[in-house]
Amino acid sequence: MAVVDRLVGIDLGTTKISTIIAEVDEEDEVQVVGVGNTESRGMRRGVVVNIDKTTEAIGIAIDQAEQMAGIKVKDVYVGIAGDHIRSINSRGVIAVSRGQTISRSNVITQHDVERVIEAARAVALPMDREVLHVLPQEFSVDDEPGIREPVGMTGLRLEADVHIITGAIASAQNIYRCVKNAGVGLRGLVLEPLASSYAVLTEDEKELGVALLDMGGGTTDVAVFYDGSIRHTSVIGLGGTNVTRDIAMVQGVPIEQAEKLKLEKGGIYPPLGDTAPISVKEPGNGKTHQIDPVQLNEIIRARTEEIFEMVMRELKRVDCMGLLASGLVLTGGGSLLNGSVMLAEEIFHKPVRSGVPKGLSGLAETVHNPAFATGVGLILYGLKHADETAFNGDDTAVFGRILKLFKGWFEGLIS
Ligand SMILES: Nc1ncnc2c1ncn2[C@@H]1O[C@H](COP(=O)(O)OP(=O)(O)OP(=O)(O)O)[C@@H](O)[C@H]1O
Ligand SMILES: [Mg+2]
């Protein structure tokens, strides 16, 4: 099969930076041909705090993936996250333009749809924020609501309900700068949980209602889908790193040891069987700590419970708990914690499953892990929106225009 496009996703996480290179054939089959993964430095709670360190880590992750794939990366889709992200629902209304046909009926065209989305997008934003995504939820034609695809329908008045996601300009610019410094172009900037949703959620789940929880190192991101589209997004400023820090503090061990204990011996529930103390030697001074595995898991559980409860409060605050007929899907490295799915079921009283990325072949085994949901999702987002983000001079795609706008504005501000 001939390769028709190459898509590259870079997940800029707080703890890891991963690059995935994929090739797309004529049938839209996506094959992973390169993966790079390196420890993240210079990011804090989902945002860049050190340009040089982040640039360097991006460079390493790209190099690794390029070597595996045997190709050079040109431009990339990058995830954006952090608690600067805000989302609002907005509505736009337009009068449907009169057709040029003999009947001169008011048939809704793609152009009308773009106009109404533009109208819905026109919300007042503070100077330091810019729109990242405008995601249509539903349209109304005259007074008929709940329409997904209004093109071709007849009507006088077209309304669009959209979900607008905005981010701090400074955060987006810092990502842009790091990517540019690493020697590649930015093809698209995608909200991380939105990207992840492409890799782990089914159409049915999005239809019936589901919350995606990306349990990362620095943050826990929440995205709610209902009736086929995104309804709510928010970011909780706590993640797996906080769990590790709690272990380090309570047990008096260095962070690296605490992380190792969490990964190798940790879980949410009391360990089954062997509860003998775990001996941990401190590197350097040879000091030995005796760790009680029951207590270790109590520490882990307490923080994880707190995170889930914060998510639940947020879902209740925005009236989304009643929308989750399909329950919750957990992704991110934090979701690998033993017992996290069961604890989430206990707390939310909903079905919960682990979100392993799907939709790719090739080296897909390497990324067959909830921690790679964002990276895989960036590729799948790119596949779906390639036309809109290709900057091919086509001015009709509204998202393309928005991205161009965003891009132009980046370039204007960065020398
Ligand atoms: N097997 C495991 N068990 C428990 N925790 C794990 C496991 N594997 C990874 N983690 C934890 O997952 C976290 C990293 O998750 P992930 O790679 O999704 O984060 P990230 O994308 O770097 O961060 P963020 O999305 O917050 O910016 C770390 O805190 C790590 O300790
Ligand atoms: Mg992440």
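Predicted model: local features only at pLDDT ≥ 70, side-chain atom pairs only at ≥ 80, totals over all residues.
Colleague: Noted. At what angle do helix 6 and helix 8 pack?

Modeller: Helix 6 and helix 8, which is residues 293-317, pack at about 140 degrees, and their axes are 9 Å apart. That makes helix 6 oblique to helix 8. The cut-off matters here, because only angles over 145 count as roughly antiparallel.

Colleague: And how far apart are the axes of helix 6 and helix 7?

Modeller: Those axes are 8 Å apart, with a packing angle of about 110 degrees. Helix 6 is therefore roughly perpendicular to helix 7. The crossing of helix 6 and helix 7 is right-handed too.

Colleague: OK, switching to the ligand. Which helices supply at least two residues each to the shell around ligand 1?

Modeller: Helix 6 (240-251) and helix 7 (255-265) do.

Colleague: Which one gives the most?

Modeller: Helix 7, with three residues in the shell around ligand 1.

Colleague: Which residues come nearest to ligand 1?

Modeller: There are 18 residues around ligand 1, and T14, T15, E259, K262 and G333 come nearest.

Colleague: How much of ligand 1 does the protein cover?

Modeller: It covers 87% of the 650 Å² of accessible area that ligand 1 has on its own.

Colleague: Where does the backbone of G217 come in?

Modeller: A polar backbone atom of G217 is 3.0 Å from an oxygen atom of ligand 1. T219 also has a backbone N or O atom 3.0 Å from an oxygen of ligand 1.

Colleague: Last one, on another pair. How do helix 1 and helix 3 pack?

Modeller: Helix 1 (residues 51-69) meets helix 3 (residues 169-181) at an angle of about 50 degrees, with the axes 8 Å apart. That makes helix 1 oblique to helix 3, and their crossing is right-handed.

How values were computed:
Residues numbered from 1 in each chain as written. Chains lettered and ligands numbered in written order. Heavy atoms only, no water. Near = heavy atom within 4 Å. Polar contact = N/O pair within 3.5 Å; in protein donor to acceptor, adjacent residues only side chain to side chain. Areas by Shrake-Rupley, 256 points an atom, 1.4 Å probe, with all protein chains shown as cover. Helix = DSSP H or I, 4+ residues; strand = E, 2+ residues; numbered from the N terminus. Axes fitted to C-alpha atoms, helices over the stretch in contact; angles between N-to-C directions. Parallel < 35°, antiparallel > 145°, perpendicular 65-115°, else oblique. Left-handed = near helix turned anticlockwise from the far one by under 90°.
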